[in-house]
Amino acid sequence: MEGYRTFPVRLPSGVLYWTVVDGAWRVHEAADGFLLHMRLGRDLAESSTRAYAISLALFFDWCAGTGLEWQRAPQVLGRFVHWLRFHDAGRAGPPDLSRPVRGERRVNCVLAAVREFFRHAVSTGLAGPGTLRALFEVADDRSLPAEARGEGLADARLRPRHRLREPEREAEGISDEEVLELLRACRSARDRFIVLVLWRMGLRRGELAGLRREDVHFVPDATRLGCGVKGPHVHVRRRDNPNGATAKSRRSRAVPADWLVVQAYDQYMSDRDACLPAQSCDFLLVNLSRGQVGGPMRPGALNELLETLSERADLGRRARPHMARHAFATNVSAAGATLDEIRDLLGHQSFTASAVYLHPGHERLREAVARVPVPRDSTHEILR
């Protein structure tokens, strides 16, 4: 019998979420209740429930392979961590312990989903309250400076017991020179517009593919459109879109556009308006030559486009939409943007997610040292 897998479920209301089924296509009731709660009760995006479902399918596969009831798994979850690192479903025989199958970041993402599942299971009575003690340890603020401490046990917090240490890494971006090569490789105004929006506005692929024409305010003053934001911009809003595009953040935001993006938009809209099937489509990005002509582009089509452009431009590596987003964030950081500006431009929920882009290059570090004043007279005396 095959293992557990994910399966999409569309509710009568049209809302889509993902669940977990076994090899006989039977729904895992506990997982389904959790995933439905995350979609409806926590307002997670459909794509987020799919990511959770993939992680839970791995967990239930491990439970089935070890003959362990999932309710008892937290007591031996360290074994699951080891299994995640080295188990390869496509490889026969014992695991190769010299070659991990999954990296630390991926393992931690799976563990985070499993912990959320058990927290829901405890709250609904499917697992005992002692379960959480096996998954979390209580950490308090006693190690903090006195002025940073709170009062009482209300300041205690839960810390995961099972978590791999991830190697420090900088956000992987794409250089401006590589972006220019991608632009030269474009063969349509639409493709140039897509590359420029990713590079100059930092939108996620789901945000860009989910834009409607009404979201685009490329005018100096949008007051007549009922918008108080000055200058050219787009509004990123979270919707359930038929093409699977979803804005990650629940909070809407307005992202400014520069003259390069506006000019590319005008050129693209000229081609778009000439496509008769596209005239009835409310989505900004539409298929003009392949697939359902005139229909909205899928988020995955943006990856396919950049992959094709990378090969055509002979970059030597595969560019992805998120790499252009990283390049945008790095560029605005180098231009002097503050942390709160970077957070709002990228639509992050916390400053921590934005702080990764505050990594100065060696030239900026040298300039920072050069700006430190030197008491020349005293220094010269010491060095004599």
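These legends walk through close-up views of one predicted model. Residues are numbered from 1 along each chain as its sequence is written, and side-chain values use heavy atoms, with hydrogens and water left out. In this predicted model, local features need pLDDT of at least 70 and side-chain atom pairs count only at pLDDT 80 or more, while totals for chains, interfaces and linings use all residues.

**View 1. The whole chain, before we zoom in.** The secondary structure comes to 15 helices and seven strands. Helices (H or I, at least four residues) and strands (E, at least two) are DSSP runs, numbered from the N terminus. Of the 384 residues in the chain, 41% are buried; buried means under 20% relative accessible area, exposed over 50%, and partly exposed in between (1.4 Å probe, protein chains only).

View 2. Strand β1 (residues 5-10) pairs with β2 (16-21) in the antiparallel sense over six bridges; two strands pair if DSSP finds at least two bridges between them. Look for F7, which stands opposite T19 in β2. Five residues separate the strands of this hairpin, and G14 in the turn has a positive phi of about 95°. Is β2 enclosed or open? Six of its six residues are buried, so β2 is largely enclosed by the rest of the structure. In a regular strand the side chains alternate between the two faces of the sheet. Here L16, W18 and V20 are buried on one side of β2, and Y17, T19 and V21 are buried on the other.

**View 3. Two loop residues with positive phi.** W25 sits in the loop between β2 and α1 (29-41), and its phi is near 65°, a positive value in a residue other than glycine. D314 is not a glycine either, yet its phi is positive at about 55°. You can find D314 in the loop between α10 and α11, where D314 is exposed, with a relative accessible area of 66%.

**View 4. A sheet of three strands.** The open sheet has the order β5-β6-β7, with antiparallel pairing. Its edge strands, β5 (216-217) and β7 (253-256), each pair on one side only. Two bridges join β5 to β6 (residues 233-236), and V216 stands opposite V234 in β6.

**View 5. V234 and the largest nonpolar core.** A nonpolar core is a set of buried Ala, Val, Leu, Ile, Met, Phe, Trp, Tyr and Cys residues joined through side-chain atoms within 4.5 Å. The largest one has 50 residues, and V234 is among those with the most contacts inside it, along with F193, L203, L208, F218, L284 and L285. Helix α7 gives the largest share of this core, nine residues. Not counting residues up to four places away in sequence, V234 touches residues including M201, L211, D215 and V255; contact means heavy atoms within 4.5 Å.

**View 6. The second largest pocket.** This pocket has a volume of about 470 Å³. On a 1 Å grid over the protein atoms alone, a pocket is an open set of points where a 1.4 Å probe fits, with protein on both sides within 12 Å along at least five of seven lines; lining residues have an atom within 4 Å of a point. Of the 17 lining residues, R190, N287, S289, R290 and M297 are the closest to the centre of the pocket. Helix α10 supplies the largest share of the lining, four residues.

Note on methods: Points joined across faces, edges and corners; volume = space filled by probe spheres on them.
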